[in-house]
Amino acid sequence: MSSPRAASPLPLTTTGAGPHGVVTRGALTDAATHPEADDAGTRDRVRTLVVEHGPIDAAGIAAIVDLTPAGVRRHLTALVAAGEIAERPAVGNVPRGRGRPPREYVATAAAQLHLPDGSGALAAQALAHIAAHLGRDGVASFAQERLVEIERAYRPVVEAAGPDVAARAAALADAMSVDGYAASTRSTSRGGLTLLQLCQGHCPVRTAAAEFPELCDAETRLIARLLGVHVQRLATIAAGGHACTTAIPVPTVATRAAPEAPTPDTSAPTTHSATAGPAQSRTSHHEEGTA
């Protein structure tokens with residue numbers, strides 16, 4: 001009779017995260033294999049808990065995610081540095097002992113960016129209401145009007161960059177990035193013509209613009225007015241592009257300089273009858289008549 005075999009340990013990949021995000025055997029295996037993914041996942045969970053339960057302290061979060069308060073504080077410190085949560089002294093009847101004063105955490109507006117947002121759908125519905133009552137011309141008028149304040153804010157920044165188109169485009173990209181457009185410029189060459197591309201990696205109105213491209217058209221005209229040149233929109237995020245890309249022609253030194261006057265050919269006799277204008281011909285006849 002053979003001796004009984006020792007029971008093998010349970011495979012660590014058969015389970016996952018338990019209730020309230022508690023890490024179980026399967027999650028431990030995933031953490032060992034992909035520590036960076038687990039770290040990001042835990043940080044997302046900590047952020048969500050601050051949004052749901054804030055103000056909350058590290059001990060309260062640690063009890064939910066089954067981590068030590070020190071481990072939770074590491075994620076809280078990173079979220080505070082990212083501006084997604086704010087730290088403040090604990091208020092209320094919080095027992096105080098030795099060492100560090102108790103702290104609690106609340107979510108900031110930046111944390112809301114990681115949560116579902118229905119504002120884009122609401123904007124699309126509002127534009128649909130305008131289109132139903134005023135037609136697409138009404139939508140175009142609204143798209144133009146909403147950029148008035150934006151143009152008023154951007155123009156001093158662009159004008160301060162001087163007359164150079166590339167410098168103006170770079171200044172405009174910086175201003176747009178402050179407003180969340182993740183904008184940048186890059187130079188390309190096509191057919192001997194230098195082109196600058198203004199690339200916007202994020203579109204704050206992409207949901208509404210997907211249904212109402214009038215928003216994109218008005219923005220393109222705004223870019224042209226600010227830069228003082230004709231521009232062409234090559235792609236938009238609303239239409240499926242990875243970025244909103246606008247082509248900007250950049251004058252070169254050769255195209256800015258006036259063309260040189262042709263050198264007269266002195267080897268051939270001058271014939272006023274072929275090249276002179278009417279005034280010059282009349283002057284020649286008048287001289288002949290008075291000689």
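1. Helices α6 and α10 are roughly parallel to each other, a class given to angles under 35 degrees, with over 145 counted as roughly antiparallel, 65 to 115 as roughly perpendicular and the rest as oblique. The axes of α6 (residues 119-145) and α10 come within 8 Å and cross at roughly 10°. Axes are lines fitted to C-alpha atoms, for helices over the stretch in contact, and angles run from 0 to 180 degrees between N-to-C directions. Helices (H or I, at least four residues) and strands (E, at least two) are DSSP runs, numbered from the N terminus.

2. The model is predicted: local features need pLDDT of at least 70, side-chain atom pairs count only at pLDDT 80 or more, and totals for chains, interfaces and linings use all residues. Residues are numbered from 1 along each chain as its sequence is written, and side-chain values use heavy atoms, with hydrogens and water left out.

3. On the α6 side of the pair, Leu127, Arg136, Val139, Ala140, Ala143 and Gln144 meet Glu214, Leu215, Ala218, Arg221 and Arg225 of α10; contact means heavy atoms within 4.5 Å. By class, this contact has six nonpolar, one polar and four charged residues. Here Ala, Val, Leu, Ile, Met, Phe, Trp, Tyr, Cys and Pro count as nonpolar, Asp, Glu, Lys and Arg as charged, and the others, Gly among them, as polar.

4. Helix α6 is bent. A kink of about 130° is centred on Leu134, the bend at a residue being the angle between axes fitted to the seven residues ending there and the seven starting there. Between its end C-alpha atoms α6 spans only 20 Å, whereas a straight helix of 27 residues would span 39 Å at 1.5 Å a residue; the expected span is 1.5 Å times one less than the number of residues. The buried residues of α6 are Gly120, Ala124, Leu127, Ala131, Gly138, Val139 and Ala143, and their cover includes α9 (206-211) and α10. Buried means under 20% relative accessible area, exposed over 50%, and partly exposed in between (1.4 Å probe, protein chains only).

5. For α10, the 14 residues should span 20 Å at 1.5 Å a residue, and the end C-alpha atoms are 20 Å apart, which agrees. This helix is mostly covered, with ten of its 14 residues buried; among them are Glu214, Leu215, Ala218 and Ile223. Just after α10, Gly228 takes a positive phi of about 75°.

6. Glu219 lies in α10 (residues 214-227) and counts as buried at 12% relative accessibility. Not counting residues up to four places away in sequence, Glu219 touches Leu147, Met176, Tyr181, Gln200 and Arg233.

7. Leu198, in strand β4 (residues 193-200), is buried with a relative accessible area of 0%. Beyond four places in sequence, the residues that Leu198 touches include Met176, Ile223, Cys244 and Ile248. The C-alpha atoms of Leu198 and Arg233, 35 residues apart along the chain, are separated by 9.3 Å.

8. Asp57 sits in the loop between α2 (35-53) and α3 (58-65) and is partly exposed, at 33% relative accessibility. Leaving aside neighbours within four places in sequence, Asp57 is in contact with Arg103, Glu104 and Tyr105.

9. As to the whole chain, the secondary structure comes to 13 helices and six strands, and 27% of the 291 residues count as buried.
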